[in-house]
Amino acid sequence: MKLFYATFAGVIAAFISMMFLEGLGHSLFPLPFKVDPNNIGAIADKLHLIPVQMYISVVVAHGLGLLIGLLIAKAIDKTSKISLYIIGGFFLVVTIANLSIIPNPMWFAIADITIIALVGLLMIRKPVAQN
């Protein structure tokens with residue numbers, strides 16, 4: 001049952017953390033234009049106008065959000081890494097899916113996937129408590 005709670009709490013914590021940190025980044029580096037978020041074509045047309053700082057804030061938000069989620073999962077289930085694999089894998093898949101739907105510069109896609117993979121791998125490499 002710990003595995004379920006750790007995984008659930010980790011995913012929720014990572015998602016909420018990412019959303020909060022992305023919102024913070026967007027308030028610090030707002031879009032220089034108005035766009036309908038449901039219109040991918042309009043976003044693609046104005047992609048070159050998005051400031052680099054905004055992209056960087058999103059990458060940082062994704063990395064820190066995942067780290068928070070993994071730390072919470074690890075605090076709940078101190079003896080197993082299974083929840084860390086599930087959460088890390090889930091967010092890696094979601095990140096790749098998101099990048100395939102929303103057009104982004106190549107450097108951003110590489111940075112975003114890399115930060116998610118690195119945070120996941122670094123947390124998984126840390127030893128767990130022994131019974």
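Is asparagine 39 buried, partly exposed or exposed? At a relative accessibility of 36%, asparagine 39 counts as partly exposed, where buried means under 20% relative accessible area, exposed over 50% and partly exposed in between (1.4 Å probe, protein chains only). The model shown is predicted, so that local features need pLDDT of at least 70 and side-chain atom pairs count only at pLDDT 80 or more, whereas totals for chains, interfaces and linings use all residues. Residues are numbered from 1 along each chain as its sequence is written, and side-chain values use heavy atoms, with hydrogens and water left out.

**View 1. Overall architecture of the predicted protein.** The protein holds five helices and zero strands, in the order α-α-α-α-α from the N terminus on; helices (H or I, at least four residues) and strands (E, at least two) are DSSP runs, numbered from the N terminus. Taken along the principal axes, the box filled by the C-alpha atoms is roughly 55 × 25 × 20 Å. Of the 131 residues, 34% count as buried, and the protein exposes about 7,800 Å², of which carbon and sulfur atoms supply 74%, as given by the Shrake-Rupley method with a 1.4 Å probe, where for residues only the protein chains shown count as cover. Among contacts (heavy atoms within 4.5 Å) between residues at least 6 apart in sequence, 76% join residues at least 24 apart.

**View 2. Packing of helix α1 against helix α4.** Two packed helices are described by the angle between their axes and the distance between the axes. For α1 and α4 (residues 82–101) the angle is about 35° and the axes lie 9 Å apart, the axes being lines fitted to C-alpha atoms, for helices over the stretch in contact, with angles running from 0 to 180 degrees between N-to-C directions. The crossing of α1 past α4 is right-handed, a term used if the near helix is turned clockwise from the far one by less than a right angle, and left-handed if anticlockwise. On the α1 side the residues that meet α4 include Leu3, Gly10, Phe15 and Met18, and among their counterparts in α4 are Ile82, Ile86, Phe90 and Phe91.

View 3. Serine 17 lies in helix α1 and is buried, with a relative accessible area of 14%. Not counting residues up to four places away in sequence, serine 17 touches Gly65 and Ile68. Threonine 95, found in helix α4, is likewise buried, with a relative accessible area of 8%. Leaving aside neighbours within four places in sequence, threonine 95 is in contact with Asp112, Ile113 and Ile116.

**View 4. The loop between α1 and α2, with valine 35 and asparagine 39.** Valine 35 is found in the loop between α1 (2–28) and α2 (40–45), and the place of asparagine 39 is also in the loop between α1 and α2. Valine 35 is partly exposed, with a relative accessible area of 28%, and, leaving aside its neighbours within four places in sequence, is in contact with Ala42 and Ile43. Valine 35 and leucine 99, which are 64 residues apart in sequence, lie 18 Å apart in space, C-alpha to C-alpha. For asparagine 39 and isoleucine 102, 63 residues apart along the chain, the C-alpha atoms are separated by 9.9 Å.

**View 5. Lysine 78 in the loop between α3 and α4.** Lysine 78 is found in the loop that joins α3 (52–76) to α4, and at 48% relative accessibility counts as partly exposed. The C-alpha atoms of lysine 78 and leucine 3 are separated by 9.9 Å, although the two residues are 75 apart along the chain.
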